[in-house]
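Q: Here are some questions on how the terms for a protein model are applied. Keep the sequence and the picture in view while you read.

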Amino acid sequence: MPVSLPPALQAAVDAINAGDEAAFVSAFSPSGSINDWGRILKGPAGVLSWARSDAIGAKAHMTVIEAATEGPTTHIVFDWKSRVFNGRSEAYVTLADGLITEFRIPAQ
């Protein structure tokens, strides 16, 4: 059964799986950021940099298997396959005005 996600988060997942950098960046607010184990990348250039190094550029495929939303933040558990990392992970994704403001992957 598919997991229901907020539209911007679903768009980001779809963009990763389709290899669409522009669509991925478009899912984020202009001040949005990615925090990947404490490595923080801000704004469109930072989001694009992460997409190129860790996601789309690494031929990633993301399958969300659990999601729970509380207020503006959705916690997801997902399977990830790429040239950089393979395995199960989690993220906390915060949205405002229909766009991602933070995509945080905590250190395991």
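Q: Why is D54 called buried?
A: D54 has 13% relative accessibility. Buried means under 20% relative accessible area, exposed means over 50%, and partly exposed is in between (1.4 Å probe, protein chains only). Because 13% falls under the cut-off, D54 counts as buried.

Q: What kind of model do these values come from?
A: This is a predicted model, in which local features need pLDDT of at least 70 and side-chain atom pairs count only at pLDDT 80 or more, while totals for chains, interfaces and linings use all residues. Residues are numbered from 1 along each chain as its sequence is written, and side-chain values use heavy atoms, with hydrogens and water left out.

Q: What makes the contact of R39 with D54 a salt bridge?
A: The closest N and O atoms of R39 and D54 are 2.9 Å apart. A salt bridge is a side-chain nitrogen of Lys or Arg within 4 Å of a carboxyl oxygen of Asp or Glu. The pair meets this rule, so it is called a salt bridge.

Q: Which parts of the chain does this pair tie together?
A: R39 lies in strand β2 (residues 39-42) and D54 in helix α3, so the link joins parts that are 15 residues apart in sequence. Helices (H or I, at least four residues) and strands (E, at least two) are DSSP runs, numbered from the N terminus. Salt bridges that share partners join D36, R39 and D54 into one network.

Q: Is R39 buried, partly exposed or exposed?
A: R39 has a relative accessible area of 36%, so it counts as partly exposed.

Q: How do you know that R52 and E21 form a salt bridge?
A: Their closest N and O atoms are 3.1 Å apart. The two residues sit in distant parts of the chain, R52 in helix α3 and E21 in helix α2 (residues 21-26), 31 residues apart. R52, at 49% relative accessibility, is partly exposed, and E21, at 25%, is partly exposed too.

Q: How many salt bridges does the rule give?
A: The count is four. Among them is the pair R88 and D79, whose side chains meet at 3.1 Å, N to O. D79 has 25% relative accessibility and is therefore partly exposed.

Q: What makes β4 and β5 a pair of strands?
A: Two strands pair if DSSP finds at least two bridges between them. Strand β4 (residues 73-81) and strand β5 (residues 86-96) have nine bridges in the antiparallel sense, so they pass the rule. T74 has V93 in β5 as its bridge partner. The two strands form a hairpin with four residues between them.

Q: How do you know that β5 and β6 pair?
A: β5 and strand β6 (residues 99-105) share five bridges, again antiparallel. A96 stands opposite L99 in β6. This hairpin has two residues between its strands.

Q: What is noted about the phi of D97?
A: D97 has a positive phi of about 55 degrees although it is not a glycine. Most residues other than glycine have a negative phi. D97 lies in the loop between β5 and β6. At 82% relative accessibility, D97 is exposed.

Q: Where is W37, and what is its phi?
A: W37 is in the loop between β1 and β2, with a positive phi of about 60 degrees. At 49% relative accessibility, W37 counts as partly exposed.

Q: Which residues belong to the lining of the largest pocket?
A: The lining includes D36, W37, D54, F78 and W80. A pocket is an open set of points on a 1 Å grid over the protein atoms alone, where a 1.4 Å probe fits, with protein on both sides within 12 Å along at least five of seven lines; lining residues have an atom within 4 Å of a point. The elements that give two or more residues to this lining are α3 (43-55) and β4.

Q: Which residues have the most contacts inside the largest nonpolar core?
A: They are F24, M62, I76, I100 and F103, in a core of 30 residues. A nonpolar core is a set of buried Ala, Val, Leu, Ile, Met, Phe, Trp, Tyr and Cys residues joined through side-chain atoms within 4.5 Å. The largest share, six residues, comes from α1.
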